[in-house]
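My notes follow in the order in which I checked things.

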Amino acid sequence: MSAPPPHRHIRRARETLGEAETVVVLTGAGVSADSGVPTFRGQGGLWREHRPEDLATPAAFARDPRLVWEWYGWRRELVSACAPNAAHLALARWQEGPRPIHIVTQNVDGLHRLARDRIRDGAGGSTTGEILELHGSLFRTRCTCCAAVENSRAPIDATSEASLPHCGACGALLRPDVVWFGEPLDAHVLDRAFRLAARAEVCLVVGTSAIVQPAAAVATEAARAGAALVEVNPEVTPLSRVARLSLRGRAAEIVPLLV
Ligand code: OAD
């Protein structure tokens, strides 16, 4: 385990973030690790013997939809039992402030939205900050035929192909409404993320290995347009080289100290 970042680094990061008029926060699986959601590439990243790259593909779904749904059913159950951690909650509180703080996440667990709902609960609240989910949501389905999208938290019965979720409108098989390897991201969401990145004075990057594109390019685009990058991650990533500050530590410990 890495030593906690020195206080002066935390102070510098706070100052950098505190002075910025607009901030984009790019998050990855690491921000949810402290909630108990396994990351993709670290310990616990494998489900049985399968790597995400082997299951999260259109080809895997075409070959064996039952197996792919079984994996997503397991992830839906796992994530349903998890709560936003101190990092999600600190970011949600920060978004309620006067400055536009935008969250662009690669995560499909919905924990940023849940944190925002928790913070607002009973307190009204309005914000100019957006939450953009680049890779979709575990808790939405999309019809493989008519493309109808629905929110769904129902348990998945993957005992047979017939028991998998089917479309109420046209009867075809439903799939998780997430982006798989080899598929394009939603063009509007991606375009919005890049626009926000290009305007940001600071880009805070939390808990991503920054190797999956185009998501990682949101941070590099922000840096290219002049934003200061502040990274929170226990490990070195390809963004560490370009970051003004890399804070080595867990999101739930570090992020609340910054915002
Ligand atoms: P990864 O699993 O690739 O990386 C997780 C990152 O989180 C690593 O850099 C870890 O060092 C870091 N990390 C671990 N624990 C942490 C903690 N407590 N606090 C902060 N950081 C921590 O996850 P992503 O970068 O999100 O895509 O992966 C990107 C995409 O690859 C995912 O959205 C998913 C995956 O395949 C699709 O499914 C399309």
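I started with the pairing of strand β7 (residues 202–206) and β8, which run in the parallel sense and are joined over five bridges. I note here that the model is a predicted one.

I then looked up individual partners across this pair. Cys-203 has Leu-229 as its bridge partner in β8, and Val-202 stands opposite Ala-228 in β8.

**Burial of the strands**

Why is β7 largely enclosed by the rest of the structure? I checked its residues: five of the five are buried, so the rest of the structure largely encloses the strand. For the reading of faces I kept in mind that side chains in a regular strand alternate between the two faces of the sheet. In β7, Val-202, Leu-204 and Val-206 point one way, Cys-203 and Val-205 point the other way, and all are buried.

I repeated the check for β8 (residues 228–232) and found the strand mostly covered, with five of its five residues buried. Ala-228, Val-230 and Val-232 lie on one side of β8, Leu-229 and Glu-231 lie on the other, and both faces are covered. I marked Glu-231 in my list, as it is a charged residue and is buried in β8.

**Ligand surroundings**

I turned to the ligand and listed the residues around it. There are 21, and those that come nearest are Phe-40, Arg-41, Thr-208, Ser-209 and Asn-233. I sorted the shell by class and got eight nonpolar, nine polar and four charged residues.

Which domains supply the shell? I found at least three residues from each of domain 1 (1–36 + 84–135 + 185–259) and domain 2 (38–81 + 138–178).

I then went through polar atoms of the ligand. An oxygen atom of the ligand is 2.7 Å from a polar backbone atom of Phe-40, a residue also listed among those that come nearest. At Ala-29, a polar backbone atom is 2.8 Å from an oxygen atom of the ligand. For Asp-34 I looked at the side chain, where an N or O atom is 3.3 Å from a nitrogen atom of the ligand.

Last, I looked up the cover. On its own the ligand has 800 Å² of accessible area, and the protein covers 91% of that.

Conventions: Residues numbered from 1 in each chain as written. Predicted model: local features only at pLDDT ≥ 70, side-chain atom pairs only at ≥ 80, totals over all residues. Heavy atoms only, no water. Near = heavy atom within 4 Å. Polar contact = N/O pair within 3.5 Å; in protein donor to acceptor, adjacent residues only side chain to side chain. Areas by Shrake-Rupley, 256 points an atom, 1.4 Å probe, with all protein chains shown as cover. Domains from an automatic or database assignment. Buried < 20%, exposed > 50% of the residue type's maximum accessible area, 1.4 Å probe, protein only. Helix = DSSP H or I, 4+ residues; strand = E, 2+ residues; numbered from the N terminus. Pairing = 2+ DSSP bridges.
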